[in-house]
Amino acid sequence: MSDDLATETAAETPSPDAPAVPGLEERDTSAVQWMAERGIFVFTALLILAATIFVDGFASLANITDVFNRAAPIGIVAVGMTFVVISANYLDLSVVAQVATAAVVLMAVSNSSGILLAVLLATLIAIVYGFVNGVAVGVFKANAVIVTLATTFIGIGVLRWLSGGSIYFGTEDSLIRAFGTAKLGPFPLSMLVLVLIGLALSYVLTRTTFGFVIRAFGSNPDATRLAGINTAWVVIGAFMLSAFGAMLGGFVLAAFSNTAVSAMSDGFDFRALAAIIVGGTSVFGGKGSVLRTLLGVIFVSVLTNIMVLSGLGFGIQQMAIGALIVAAVSLDALARKAATT
Amino acid sequence: MSDSKLQLGSQDNTDLLSRVRTLLARRTEGRALALLAVVIIVTLFIEPTTFTSYEVTLGRIAQIGLVALGLTAVILMGELDLAVASTLAVSGVIMASVENMTGSLTLGILAALVTGLVIGVVNAFFVVQVGINSFIATLGMLFFLRGLGFVLSGEQPVRLDNVDAGLAFGDPLIGPLTPRMLIFLVLFIGLQVFVTRIRVGREFYAVGGNRQAAYDAGIPVKARVYLGFMISGSVAALAGVMNTLERTAADPTAGSTVLLSSFAAAIIGGILLTGGRGSVFGTLLGAASLGILQVALTLSGIQVDVQNIIIGVVLLLAVTTDPATIRAVVTNVRSMMAGRADARAQPG
């Protein structure tokens, strides 16, 4: 029995090349490290520049508004999920189910019993998601990918079962519709919401004890636990923030399209993950930034927009996002190797 | 685990009871066996037709179990292959396309299996050479390959020209056993022998239990990880081939529920996601309980959404009720309580 436990603790400790590298910035950085650290700024600028020059219809006001409209819900999901990634728990796959549930609840319940009850119910559901995912991962130490894979299927199953897969339409004169169509110049109001949430969560990550603890936990869970911190609550907190991000993302998505259906959030999981990783938050945990995720959202949204404008199909788009995730994580991994050797 | 076997040698003198106890403590299939017993008993009362129409049930078990068998090889080493779902879809599409182009079913099947192997090598490359966590590497591959399947198929199911071969594939070959069940059986036995009796396979446990120690002991860790991903990739491709034959068409969207049920089967089977512990037999038990459960639910007229909820709950319970984690949780909660009591005892 005892050797059984010993094997497990050995397996749980991060592999030798995994520990975060404090003071990475002070070292002589190689080209790979520079790319991993600062590359996103250059890549985003280059991408936008190239799109402006080469892609017909990119640099129009209508298109830019469209990019923002599509970026806002994914961005809100991504800034929340950033905390899960920083806590070294890979990602929250169940945002797909959460976004769709929040959107359907907002539309369906506000049509029948008012917006207040709809928001209240959606909040309750978000708390349940955050708590179930957080307890399974934080207390029971289960793998986050598998846990959220299970909760995705449970959540989508419940939603489709209860809604029968039907589409819910909003009314034309509702508050939700007014929010969905409101604009500040070329910026949809939803973009402002994204920036505000981003700033608030960035404050939480960089200036609060919770933010400090979550970064510490992400880079070294054992040391954080030994420091006397209740790590279960850290993980639950991360999944709570992810759940609230997904809920608000669902609200914004529903307001934008003024409809809601259980299949509307397909692909939100990996688009959000791509934005987070491309932004420079490390899947190895401990290192990341909410503001960088915002940048990653811009990158992923512009890239998707370019592909759509160029007439590339859904398949190519998925391939590109998948390749982007692998490429960005590879860059991060290689930079870490360069830093440790 | 190999070190446990060594212990057994030194316990030859002890009485039968304690030897049985040691055996039970070493086995990891307890939960799978319990779930299987519960599922069988409940099904016997509620939907006994599940067992009288055993061809359907056995076919479903083989379907769920096949991808899970491949996964078992990878998870034993503490890695994960999420790309299996898309590997299944892509290799099916490639098989049907090649068959349409060349008119040869054999070439199509070969192309599909090679695709699976190549995907396995690519996955392993990112994990071993680049050093990305396999969860993220194969997640990226999952999306990439799903897109590739859409691109290759034009987002349409690809029909198989040779419909007869597809129909023949569904016929029983030996007794009531269809080719699918036979292939599953052969693979199960092969993998069971591989990881318990053959040195290379037994080293999978060592790699998963403590990679550094395995490396120090002279095990070629990288080669083993490559082999593991090649097994899971080609087994997923084989599943894609069989699905395509059975439906006489390749579906580029295939595989999303495969991910849920195959992981559920392996994890219910008692495999430890951090590696080093688990068994192929456990995976078979897990697949059997899920297969019986699914067929029983379908026969009782329960819709797919609810079935997914039930399997999702089973997976969530399986991944959180591992005996070792439960022990850890109990210890944690106890120390938390003790900590709180200490805090209360302190003045102020």
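## Contacts of A:Ile325

Two residues are in contact here if their C-beta atoms, placed from the backbone, lie within 7 Å. In this predicted model, and with residues up to four places away in sequence not counted, A:Ile325 touches A:Phe270, A:Leu273, A:Ala274 and A:Ile277 as well as B:Leu139, B:Gly140 and B:Phe143.

## Confidence

For the model as a whole, ipTM is 0.85 and pTM is 0.87. Chain A has a mean pLDDT of 87, with 91% of its residues scoring at least 70. For chain B the mean pLDDT is 87, and 91% of the residues reach 70 or more.

In chain A, the lowest mean pLDDT among the elements is that of H1(A), at 37, and the highest is that of helix H5 (residues 115–138), at 96. Residues 1–26 of chain A stay under 50 in pLDDT, and the model has 31 contacts beyond four places in sequence for them. In chain B, confidence is lowest in helix H1 (residues 2–10), with a mean of 45, and highest in helix H7 (residues 105–130), with 96. The pLDDT is below 50 over residues 1–11 of chain B, a stretch that has 12 contacts in the model beyond near neighbours in sequence. Where pLDDT is low, the predicted coordinates should not be read in detail.

## Contact between the chains

Chain A puts 46 residues into the contact and chain B puts in 47 residues. On the side of chain A that touches chain B, at least two residues each come from helix H1 (2–12), helix H6 (144–163) and helix H14 (314–340). H14(A) gives the most to this side, with 16 residues. Sorted by class, the side of chain A that touches chain B has 29 nonpolar, 10 polar and seven charged residues.

H1(A), one of the helices on this side, is the element of chain A with the lowest mean pLDDT.

## Helix pair H3 and H11 of chain A

Helix H3 (residues 61–86) and helix H11 (residues 231–257) of chain A have axes that come within 6 Å and cross at roughly 175°. Since angles over 145 degrees count as roughly antiparallel, H3(A) is roughly antiparallel to H11(A).

From H3(A), the residues in this contact include A:Asn69, A:Ile76, A:Gly80, A:Phe83 and A:Val84. From H11(A), they include A:Phe239, A:Ser242, A:Gly245, A:Gly249, A:Val252 and A:Phe256. The contact of H3(A) with H11(A) has 18 nonpolar and five polar residues, and no charged residues.

## Helix pair H5 and H13 of chain B

In chain B, the axes of helix H5 (residues 54–75) and helix H13 (residues 221–247) come within 8 Å and cross at roughly 175°. That makes H5(B) roughly antiparallel to H13(B). Among the residues that meet are B:Leu66, B:Leu69, B:Gly70 and B:Val74 in H5(B), and B:Gly228, B:Ile231, B:Ser232 and B:Ala239 in H13(B).

B:Phe184 lies in helix H10 (residues 179–197) of chain B. Leaving aside neighbours within four places in sequence, B:Phe184 is in contact with B:Ala62, B:Gly65 and B:Leu66; B:Leu66 is also one of the H5(B) residues that meet H13(B). B:Phe184 is buried, because 26 other C-beta atoms lie within 10 Å and the cut-off is 20 or more. B:Phe184 and B:Ile231 are 47 residues apart along the chain, and their C-alpha atoms are separated by 14 Å.

## Positive phi in two loops

A:Lys141 is in the loop between H5 and H6 of chain A. Phi of A:Lys141 is near 55°, a positive value in a residue other than glycine. A:Lys141 is buried, with 22 other C-beta atoms within 10 Å.

In chain B, B:Glu155 sits in the loop between helix H8 (134–153) and strand S1 (158–159). Its phi is near 60°, again positive in a residue other than glycine. B:Glu155 counts as partly exposed, with 13 C-beta neighbours inside 10 Å.

Note on methods:
Residues are numbered from 1 along each chain as its sequence is written. Chains are lettered from A and ligands numbered from 1 in the order in which they are written. This is a predicted model: local features need pLDDT of at least 70, side-chain atom pairs count only at pLDDT 80 or more; totals for chains, interfaces and linings use all residues. Axes are lines fitted to C-alpha atoms, for helices over the stretch in contact, and angles run from 0 to 180 degrees between N-to-C directions. Helices (H or I, at least four residues) and strands (E, at least two) are DSSP runs, numbered from the N terminus. Angles under 35 degrees count as roughly parallel, over 145 as roughly antiparallel, 65 to 115 as roughly perpendicular and the rest as oblique. Ala, Val, Leu, Ile, Met, Phe, Trp, Tyr, Cys and Pro count as nonpolar, Asp, Glu, Lys and Arg as charged, and the others, Gly among them, as polar. pLDDT is the predictor's confidence in each residue, from 0 to 100. A residue is buried if 20 or more other C-beta atoms lie within 10 Å of its own, exposed if 12 or fewer, and partly exposed in between; C-beta atoms are placed from the backbone.
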